[in-house]
Amino acid sequence: MIFGIVGLGLIGGSLARSIKFHTNHTVYAADLNATTLLQARMVGAMDEELTAENLPQCDVVLVALYPKAAVEYILAHKKQFKENALVIDCCGVKRFVCNQLFPAFEGEKAIFMGGHPMAGRERSGFSYAQDDLFENASMILTPAPDADVETVRRAKEIFLSIGFGKVRFSTPLEHDEMIAFTSQLAHVVSGAYVKTPLAPKHKGFSAGSFKDMTRVARLNEEMWTELFLENDDLLLAQTEALIDRLTEYRDALKERNAEKLKAILREGREIKEALED
């Protein structure tokens, strides 16, 4: 099978490495940075550069760009994709991408499906790509409403074969709602938390809690700004709900109300324990 990978950042680079190091598939890759392409060649993460000439040979095209760039690339090349090729984006928002590309691929010979690899690191770029980044990770796929069973099965098998632990199917709306909570809100909280004036003095006073809370504050602000704004309605709802919950803690402290504080702390513990069960 021939894979085309567009964008060799952390996700695209890790996909390329996973495919080349764990399967016998061929990888054609494209990136705007010539140094990145050279680096990918040197470590064996690609076979050839993805070009207009070999794009029609690809059985699967994975587009690992920011949302707007991903949509633009896929629309610009939709006539060049191979018949029955699976074209899958890797963006962290799905309504913005799928609402434009589902109708655009009606009647086309290639098949578009939304995708989101649920893995990452605090640092970006090909230099941080790993061939085991997706081990035990989920690949979320958002097929078009009229996708046939065989296409869905084929997509699932492809991602399991290149190292993902599981494949989860979703609608674009369900995806964006859950990601607003599980990922985007965490980045908001981490960024806000690390801005406290006490943060520079933390050494010697911090352990796992501080590390866990601040880890994802190290982000790519260009990408996350786009992701936040393309999911602003759902992220705003989650942010406002979090502020409401934080207000309960603030009020209990201001009132020095031990029973109220104990109750809300207990509730948090019980919810966490239920999630683990």
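Guide: Buried means under 20% relative accessible area. The model is a predicted one.

Visitor: Is A70 buried or exposed?
Guide: A70 sits in helix α3, which covers residues 67–77. Its relative accessible area is 0%. Because the limit for burial is under 20%, A70 counts as buried.

Visitor: Which residues does A70 contact, leaving aside its neighbours within four places in sequence?
Guide: A contact needs heavy atoms within 4.5 Å. With neighbours within four places in sequence left out, the contacts of A70 are V63, L65 and C91.

Visitor: How far apart in space are A70 and L8, C-alpha to C-alpha?
Guide: Along the sequence, A70 and L8 are separated by 62 residues. In space, their C-alpha to C-alpha distance is 13 Å.

Visitor: Is T36 buried or exposed?
Guide: T36 belongs to helix α2. Beyond four places in sequence, T36 touches L8, D31 and F126. Its relative accessibility is 14%, so T36 counts as buried.

Visitor: Where does K94 lie, and what is its relative accessible area?
Guide: K94 is in the loop that runs between β5 (86–89) and α4 (95–104). K94 is buried, and its relative accessible area is 0%.

Visitor: Which backbone oxygen does the side chain of K94 reach at 2.9 Å?
Guide: A polar contact takes N or O atoms within 3.5 Å. A polar atom of the K94 side chain lies 2.8 Å from the backbone oxygen of C91. At 2.9 Å, the K94 side chain reaches the backbone oxygen of G115.

Visitor: Which residues does K94 touch, not counting residues up to four places away in sequence?
Guide: That exclusion leaves out residues up to four places away in sequence. The residues that K94 touches are then D89, N99, G114, G115, T142, P172, H175 and D176.

Visitor: Which element gives the most residues to the largest nonpolar core?
Guide: This core has 34 residues, and L8, L15, L62 and F159 have the most contacts inside it. Elements that give it two or more residues include β1 (2–6), β2 (26–30), α2 (34–42) and α5 (149–161). The most, 5 residues, come from α1.

Visitor: What does F159 touch, not counting residues up to four places away in sequence?
Guide: F159 is one of the residues with the most contacts inside the largest nonpolar core. Beyond four places in sequence, F159 touches L62, I88, M139, L141, F164 and V167.

Visitor: How many residues are in the second, separate core?
Guide: Its members include Y28, V63, A110 and A144. The count for this second core is 29 residues.

Visitor: Which element gives the largest share of the lining of the second largest pocket?
Guide: The pocket holds about 270 Å³ of space. Of its 16 lining residues, F105, E106, I111, A144 and D146 lie nearest its centre. Two or more lining residues come from each of α4 and β6 (111–118). The largest share, 3 residues, comes from α4.

Visitor: How do the lining residues of the second largest pocket divide into nonpolar, polar and charged?
Guide: The lining has 16 residues. They divide into 10 nonpolar, 2 polar and 4 charged.

Visitor: What percentage of the residues of the protein chain count as buried?
Guide: The chain contains 10 helices and 8 strands, and its C-alpha trace spans about 70 × 40 × 35 Å along its principal axes. Of its 277 residues, the share that count as buried is 42%.

Definitions and conventions. Residues numbered from 1 in each chain as written. Predicted model: local features only at pLDDT ≥ 70, side-chain atom pairs only at ≥ 80, totals over all residues. Heavy atoms only, no water. Helix = DSSP H or I, 4+ residues; strand = E, 2+ residues; numbered from the N terminus. Buried < 20%, exposed > 50% of the residue type's maximum accessible area, 1.4 Å probe, protein only. Polar contact = N/O pair within 3.5 Å; in protein donor to acceptor, adjacent residues only side chain to side chain. 1 Å grid on protein atoms, 1.4 Å probe; cavity = no way out; pocket = protein on both sides within 12 Å on 5 of 7 lines; lining within 4 Å. Points joined across faces, edges and corners; volume = space filled by probe spheres on them. Nonpolar A, V, L, I, M, F, W, Y, C, P; charged D, E, K, R; others polar. Core = buried A, V, L, I, M, F, W, Y, C linked by side-chain atoms within 4.5 Å.
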